Structure formats: C-alpha cells, structure tokens
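This briefing goes through one protein chain, from its overall make-up down to single residues. Please keep the sequence and the model open while reading.

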Amino acid sequence: MNKKKLSVQSVVAIGIGTAILFLLKRWVSIPIGIPNTNLDTSYGFLGFIAVLFGPAVGFCVGFLGHSINDFTQFGTPWWTWVFTTGLVGMAMGFLKKYIQPDEGKISTRKLVFYNIYQVIINIIAWVLIAPTGDVLIYSEPANKVYLQGIVSAFTNSLSTGVIGTILLVIYASTKVQKGSLKKE
C-alpha cells in the first residue's frame, strides 16, 4: 500500500501558517460595516502559502487558522465558513505546479492567471458554498448571508490579489532562476 504522507516541511508549514493566518484574521482585519464581514488580510497570506506548499497545506492552514480564530473570538466556529476557508486554501494550492514560485521570477502571464483563478475560487466559495451552507445548516436568513458572501468574495479577492501577488513576487525574487547560473 503506497500512502502519501505529509513531509516534515509541510507539517511545519501547516503549524506556522495556521499561527500566521490566525493572527492576521484576529488582529489585521478591517471591519467594513456589514456584520461579521471584514476586509480580511489573511486570504492574501492563505493564497501565498497554498501556492508554495500545495493543496493539503492550503486546506489545513485555512481550516485550522479560521477555526482557531472563531474559537477564540466567538467561542465556537462557524463551520460552514471555516470549511469554505479550507476549500479556498486547497483550491489555491492546486496552482503550485503552474506558478512554480521556487523557480525564480514569476511571469506576468502566471500572475494574471493566478488572479483570474483566485477571483473565480472566491466567488464560488463565498457567493455559493458558504452562504448556502448557512441557509441549509444554520437556517440563517438568505438575504443576510448572501450579502455577506458577495461582500466577502469581493474583499477576499482584493486581499488575495494584492497581498498574495506581492508575497509571491517577493518570494520568487529571492530564488535563483533556473538556468541563470553559467559555468565559466
């Protein structure tokens, strides 16, 4: 039986990533006037770490970071949104093989693709999955949760687009480009 295991690097990334995501969600979110909806800087970081380490790490960091934030801030997690954050991290992690930040400079084409992809993922996650779960599981009023979802899709796309892109570009610039070293 061939089972894939998480590497030590991935486990460490989950631990550190979860802590950073929790700190960003808890203390670096900007209220925007809609109940329980913020301009949340953590989604930029989630997009970044998911692209670096892949879908399993992305899911775990999103799920654990969001659930710890909800436990400490509200006393109980709002599981539909916690799970959706994990799904966003997992979906962003699928870009690891395409973006390849460890290979040096990321092309404009890849950054454009990253941003189109993340907007689509955020719309699916926050306009469809999370509010529908709230209506079906928690019997929340549809008009309230779909408004929160639409605003969250916009703000999370903004955070991922700006912060995630900047982090990816900075990270890639620290790596030696493939084929850039020549023997004298």
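The points below cover the fold, the annotated segments, the surface and a few residues.

This is a predicted model, in which local features need pLDDT of at least 70 and side-chain atom pairs count only at pLDDT 80 or more, while totals for chains, interfaces and linings use all residues. Residues are numbered from 1 along each chain as its sequence is written, and side-chain values use heavy atoms, with hydrogens and water left out.

**Overall fold**

- The protein chain has seven helices and two strands; these are DSSP runs, with helices being H or I of at least four residues and strands being E of at least two, numbered from the N terminus.
- Along the sequence the order of elements is α-β-β-α-α-α-α-α-α.
- Along the principal axes, the C-alpha atoms of the protein chain fill a box of roughly 70 × 40 × 30 Å.
- Of the contacts with a separation of 6 or more, 72% are between residues 24 or more positions apart; contact means heavy atoms within 4.5 Å.

**Annotated segments**

- An unreviewed UniProt entry places the feature "transmembrane region" at residues 6-24, 45-66, 78-99, 111-129 and 149-173. The positions are in the numbering used here, feature names are shortened, and annotations may be inferred rather than shown by experiment.
- Residues 6-24 are 89% helix and 0% strand, with the end C-alpha atoms 25 Å apart.
- Residues 78-99 are 86% helix and 0% strand, with the end C-alpha atoms 32 Å apart.

**Burial, surface and charge**

- Buried residues account for 43% of the 184 residues; buried means under 20% relative accessible area, exposed over 50% and partly exposed in between, with a 1.4 Å probe and protein chains only.
- The protein chain exposes about 10300 Å², and carbon and sulfur atoms supply 69% of that area. Accessible areas come from the Shrake-Rupley method with a 1.4 Å probe, and for residues only the protein chains shown count as cover.
- The 15 positive and 7 negative charges have mean positions 11 Å apart. Lys and Arg count as positive and Asp and Glu as negative, with His and the chain ends not counted; each charge is placed at NZ of Lys, CZ of Arg, CG of Asp or CD of Glu.

**Loop between H5 (96-99) and H6 (108-138)**

- Gln100 is in this loop and has a positive phi, near 50°, although Gln100 is not glycine.
- Gln100 counts as partly exposed because its relative accessibility is 30%.
- Lys105 is in the loop between H5 and H6 as well, and is exposed at a relative accessible area of 67%.
- Leaving out residues up to four places away in sequence, Lys105 touches Ala172 and Gln177.
- Lys105 and Ile170 are 65 residues apart in sequence, and their C-alpha atoms are 9.1 Å apart.

- Tyr138 lies in helix H6 and is partly exposed, with a relative accessible area of 28%.
- Beyond four places in sequence, Tyr138 touches Pro77, Trp78, Trp79, Thr80 and Gly133.
- Tyr138 and Phe59 are 79 residues apart in sequence and 23 Å apart from C-alpha to C-alpha.
- Ser139 is found in the loop between H6 and H7, where its phi is positive at about 55° although Ser139 is not a glycine.
- Ser139 is exposed, with a relative accessible area of 63%.
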